[in-house]
Structure formats: C-alpha cells, structure tokens
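Work through the exercises below with the model open. Each task is followed by a stepwise solution.

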Amino acid sequence: MSRRECDVLVIGSGPGGAMTAAMLAESGADVLILEEGTYFPVGSTEPYSLDEMDKKWRNGGLTPAFGPVQVTYVEGKCVGGASEINATLYHPPVLPTFDAWAQQYGITDLGGEAMIPHIEAVEREASVSPFPGSPGIASERLSAGAARLGWKSVPVKRFWKYDGKDPLGRRQSMTETWLPRAYAAGARLEQGLKVRKLLIEGRRVTGAIATDKAGHRYTIACRRVVICAGAVQTPLILRRSGVTRGIGDTLSMNPMIRVAARFDEPVNQPELGVPVQQIEAFKPSMTLGCSNASLAHLALWLVGAPGDRARMLEEWNHLGVFYAKVMAKARGKVRNLPFFDEAVVRFAMGKDDLELLGLAAERLATVLLASGARSIVNPVPGEPAIERASDIPALRAGVAAGKAQVTAIHLHSTVFMGDERAPCDSFGKLRALDNAWVNDASLLPDTPGINPQGTILSIARRNVLRMIGARSEEHTSELQSPCNLVCRLLLEK
C-alpha cells in the first residue's frame, strides 16, 4: 500500500475542486488533488464524439436514475470534471435566488449583494465572453421563431477566450484556468485515483483510502479535506465513510427532453460548438434552447424515431438538436449499496413535474415550427414526427405521461448548506466533522434553474475565502504576498 501526505486533500478537480485547490495553494497550503479520471488536453478529443463520451464521461454519459420515469444523467469523469465536456454556457448567478436561499435555508452572507464580487471575479478570471459575430444558423433560427411568438431570447455568454489568434477561440475549462493556477502555486495532482472512503478518528478526518484502476490501494494522510467530487460522488464518498445523516437525501436536478428538428436549409455547424441562443421568456421554471448536434448525439436522439434513421443521418447538416428543461420539485436520493462500485440514484418525478415538462415540450415544438422546422422527431419513442401545430397536443400528452426520453445534466443539493437542518454550515463545513468541507454542486440547497457552473464557482470562491480567513476582495495580491504565512496559520487553526 502506497502512502501520500498533504496539508489539504481536495477530492475532485471539477469547478469546485479546481477553485478550492488554486486558492488554498495560493494561500500557502500544501494541497494534493485526487481525481478519479484522466487528464485530456482541450482539443485532444473531438467534442461530443463517442471517443470523448467514452474517455471523459462516467458510463459513457448514460447513467440511469431510477424511478417511475427513468432519467438518464451525465457526470464528468476526467481532470477538470464537467467543465471539460459541457457546453461552456455561462449564466450569471441570479441574485434573487441567492436572497431566497439565504432566507429559506438560513444561509449567512449569501445575499445577492454579498455575492457580486465573487461573480465578477469568476467572469474575469474565466474570460467569460459573448460569441463574436453571428451565433450560427441554428441560433438565428431559434431567435427568429421566438421573435414571431413575442418570446424573449438571448445569446448566452460562454467560458471562452477569444484572443485574435484563433477565430473560434478556446474553451476555458478547469484545465485551462484554475488548475494551472493551482499547479503554479505548488498544488499536486494525482489522477486515476478513486477515493473509497475517508479515514476518521472521532470527529476528525485523518486521511483517505484510494485505489487506482489496477486495484492498488493508496493511503493519503491529511490535516483537512475538501470534497468536490460532484452531486453524486461526494455523498457517495461520505456515506461509504459512515457519514450518513442528511447526506444524499435531497438530490435536485433539471430534467429535460431533447428533439432533433429538420430544416430545409443546413443549420448544423459543428465547428461553432453548441449554439448559444436560449429563450428566457419562461425562466427560471423553464428554459428552451439549442443543444449539441454532433453525429453521435444525433444518432442518440433519433433512437426510436419511426423511419429510416440512416437516411436522416445522411442529411445531418439539416438537423439541429434543441431542448426543453424544467426545474423539478422532486427530490432524489443517492445511495451506496454493498458490493456495488457505483452510486445508486433514485429520482421520482411527480405529476406536476411531468406536466411542466409536457408544457415545455409543447412550447419547444411551437417555437421550432415558427422557426421554420419542417419536422420534429418526437421524443416519445415510436410516435410520429411533429409537422404541424395539430400534432403538438399529442406530444404534450405523451411527455406528461412519462413516455419521453428524459435526461439531466445539472445535479445538485445532495449535501446542502444552511442552518442546523443542513449537513453543512453556511460555508460548506460538514457539521459531523471538525476538519472537512464540501465545495461543489452538492452544496446548492436547490436547483438554480440555470446552467450552474457560474453559481458553483462563485460560491466556491466565497467559501474558500472563509476557509483561509481572508476578508478583503483584494485577496489575490494578499495571498501571493508575505502574508501567506498568516493565511497558513489561519488554515492550521
């Protein structure tokens, strides 16, 4: 059994883990990052290809959450986590949502005004930018359809850098932003190590047990731990370690349906990435927008469609993929079962959630027909395509009855923060342990109703500043100055 030692063990290298590791390392802490997945440089795999799904996604991106309606959810499993595989869309955190969370869950210092400096820092440090020039034909089509219906739509900014060298720019994932910062400040990364459980003595974590792909065991000794493995893996690690009270009982997610729509003109431009247009008229309860339309994903969303799928794929450039996403009221559970290596997730969508998703499907079909779509592949397997307005009521009914293919890419809330009712305090410190924190999507007390990466990063930044005792928003220069020693002493308290 191999042994490692560190001051702070950060489990997971996605947005929460990367932010945590960078800021703690810059404060002078000895940081070791453990990542179950493997490092793949940006651009080393074709985006949204089967190769990328196999290498960077857990279970190839097709992990089921069990319930009356099966929801297939996505988890990243690589260095950088979901930031390496998602659409990079940036939604600024909704300040009224922070205010509501602070009041409902008893979270201190989470009011919207208090979060503005963190939001601004994330936008600056991640080069959040609008797409330059035309957003692409699919986005233009969706925008035109929304305008005809009087629905507000906007092009969404992205975690993307445009420096003039490459007209298409470059993804600003964790392997391009906070992880390099962490390495520059002395943090170490060990990839391919899966944390099996924490080593706990009394109320203190003394280390962790991890295994590599060959089954070799490693012991990592640490003085404190920050778990940032995501909304499924974080509660799984805690539960395997015997920390179970309130852990993994309150999973929230944003269920969605996706449809492929055929247009007379070519609309599929894979070189531009995911089209950025979204309809905001019904937010936060419902979002309509463009999705990825690679050949691999088109083949997936055409499964169950009547007709010749091979012929439809031959005309792939005329096909766009679009989605309708809703905020579900349902709460799910994450559990570890004896002798099973993966988490078991249950998420039971209720009648209200399904009816809302049915309404979202109706609105999506309505705007796509208004956008000029000639036919829309029905998300209910075996049902005919939608070609006219009279076809839409049957679509809504089928989705509301739970017959459609439902997916989710945003999972949250499994180890939420708040007052004494919550397993974590207002800044992510676990109540059951004296030297352990959570700092990822698990902390969000509810679904934010938007792409959550910006929200996760801004909250993570806030929490790390609390960990190191910093008070000033001028933390960057302070943490890289001789006061590192002071911050180190604060860390060691």
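**Exercise 1.** What volume does the largest pocket have? Describe its lining as well.

*Solution.* 
Step 1. The model is a predicted one. Its largest pocket has a volume of about 850 Å³.
Step 2. Find the centre. The lining has 45 residues, and the closest to the centre are P47, Y48, P270, E271 and G273.
Step 3. Assign elements. Two or more lining residues come from each of α2 (50-56), α5 (137-149), β9 (157-161), β10 (170-171), α8 (295-301) and β20 (319-326). The top contributor is β20, with four residues.

**Exercise 2.** Which residues of helix α11 are buried? Work out how they are arranged and what they pack against.

*Solution.* 
Step 1. Take residues 392-400, which form α11. Buried here are I392, L395, G398 and V399.
Step 2. Check their directions. They cover an arc of only 125° around the axis, so they lie on the same side of α11.
Step 3. Look for partners. The buried residues of α11 pack against β17 (256-262) and α10 (351-370).
Step 4. Go past the helix. G402 follows α11 and has a positive phi, near 80°.

**Exercise 3.** Over which residues is the pLDDT below 50? Start from the chain as a whole.

*Solution.* 
Step 1. The protein chain has a mean pLDDT of 91, and 94% of its residues reach 70 or more.
Step 2. Over residues 470-493 the pLDDT is below 50. This stretch still has 37 contacts in the model beyond near neighbours in sequence.

Terms used
Residues are numbered from 1 along each chain as its sequence is written. This is a predicted model: local features need pLDDT of at least 70, side-chain atom pairs count only at pLDDT 80 or more; totals for chains, interfaces and linings use all residues. Side-chain values use heavy atoms; hydrogens and water are left out. On a 1 Å grid over the protein atoms alone, a cavity is a set of points where a 1.4 Å probe fits but cannot get out, and a pocket is an open set with protein on both sides within 12 Å along at least five of seven lines; lining residues have an atom within 4 Å of a point. Grid points are joined across faces, edges and corners, and a volume is the space filled by probe spheres set on the points. Buried means under 20% relative accessible area, exposed over 50%, partly exposed in between (1.4 Å probe, protein chains only). The arc is that of the directions from the helix axis to the C-beta atoms. Contact means heavy atoms within 4.5 Å. pLDDT is the predictor's confidence in each residue, from 0 to 100.
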